[in-house]
Amino acid sequence: MLRTLYGRMIIPEAVYQEITGGAPGLPGALAVQELQWIVSQPVQNDAIVRALQGELDHGEAEAIALAVELQADLILIDERRARAIAARMDLNVVGVLGVLVEAKHKALVPLLKPILDVLITQAG
C-alpha cells in the first residue's frame, strides 16, 4: 500500500536499525531489508539530530532531520510530539490514520473500521 501511495520511501539509518535490528520477526523487518523501493540513507546534518534528541528518540530525530535535508514531500510519523515538531519545521506530516484514509480514497482498502479495530486492539 505504501509503495502504491508514495512510490519510493527513504528512511534514516536509525529507523532502519530500529526495524531490522529489533526483536526477531518484527513486522516489516524483512521488507525493509529486501524491497528496493525502501531506501536507507544516512543523515548529514548531525546538529539537527542532536538538537531534536532532547525531545525525541533517535529514530524520530533522524527522520525529521533527513526530511529537512531532502526537502521531502512528506514525512510519515505517528508519535504526537514528533508530529508537532515536524509540523513546526514546515514538513508535511502524515500518520498511519492519514495513510489509511488516503488508501481508502484510492480504493486500496475497502473498509477502514476493521483495520482501525485491529490497530486499537494491538496498539491501544
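**Entry 1: H2 and H5**

I looked up the packing of helix H2 (residues 13-20) on H5 and found an angle of about 140°, with the axes 7 Å apart. I worked on a predicted model, in which local features need pLDDT of at least 70, side-chain atom pairs count only at pLDDT 80 or more, and totals for chains, interfaces and linings use all residues. I number residues from 1 along each chain as its sequence is written, and side-chain values use heavy atoms, with hydrogens and water left out.

Helices (H or I, at least four residues) and strands (E, at least two) are DSSP runs, numbered from the N terminus. Axes are lines fitted to C-alpha atoms, for helices over the stretch in contact, and angles run from 0 to 180 degrees between N-to-C directions. H2 and H5 are therefore oblique to each other; angles under 35 degrees count as roughly parallel, over 145 as roughly antiparallel, 65 to 115 as roughly perpendicular and the rest as oblique. The crossing of H2 and H5 is left-handed (the near helix is turned anticlockwise from the far one by less than a right angle; clockwise would be right-handed).

I noted that Glu13, Ala14, Val15 and Glu18 of H2 are in contact with His58, Gly59 and Glu62 of H5 (heavy atoms within 4.5 Å).

**Entry 2: H7 and H8**

I then turned to helix H7 (residues 96-105) and helix H8 (residues 113-123), whose axes come within 11 Å and cross at roughly 165°. H7 is therefore roughly antiparallel to H8. Their crossing is right-handed. Val96, Leu97 and Leu100 of H7 meet Ile115, Leu116 and Leu119 of H8.

**Entry 3: Ile77**

I located Ile77 in the loop between strand S3 (75-76) and helix H6 (80-88). Is Ile77 buried or exposed? Ile77 counts as buried because its relative accessibility is 8% (buried is under 20% relative accessible area, exposed over 50%, partly exposed in between, with a 1.4 Å probe and protein chains only). Ile77 and Val96 lie 19 residues apart in sequence and 7.7 Å apart in space, C-alpha to C-alpha. Beyond neighbours within four places in sequence, the contacts of Ile77 include Glu60, Ile64 and Val93.

**Entry 4: Cores**

In the largest nonpolar core, of 17 residues, I found that Leu52, Leu56, Ile64, Ile75 and Leu91 touch the most other members (a core is a set of buried Ala, Val, Leu, Ile, Met, Phe, Trp, Tyr and Cys residues joined through side-chain atoms within 4.5 Å). H5 gives the largest share of this core, six residues.
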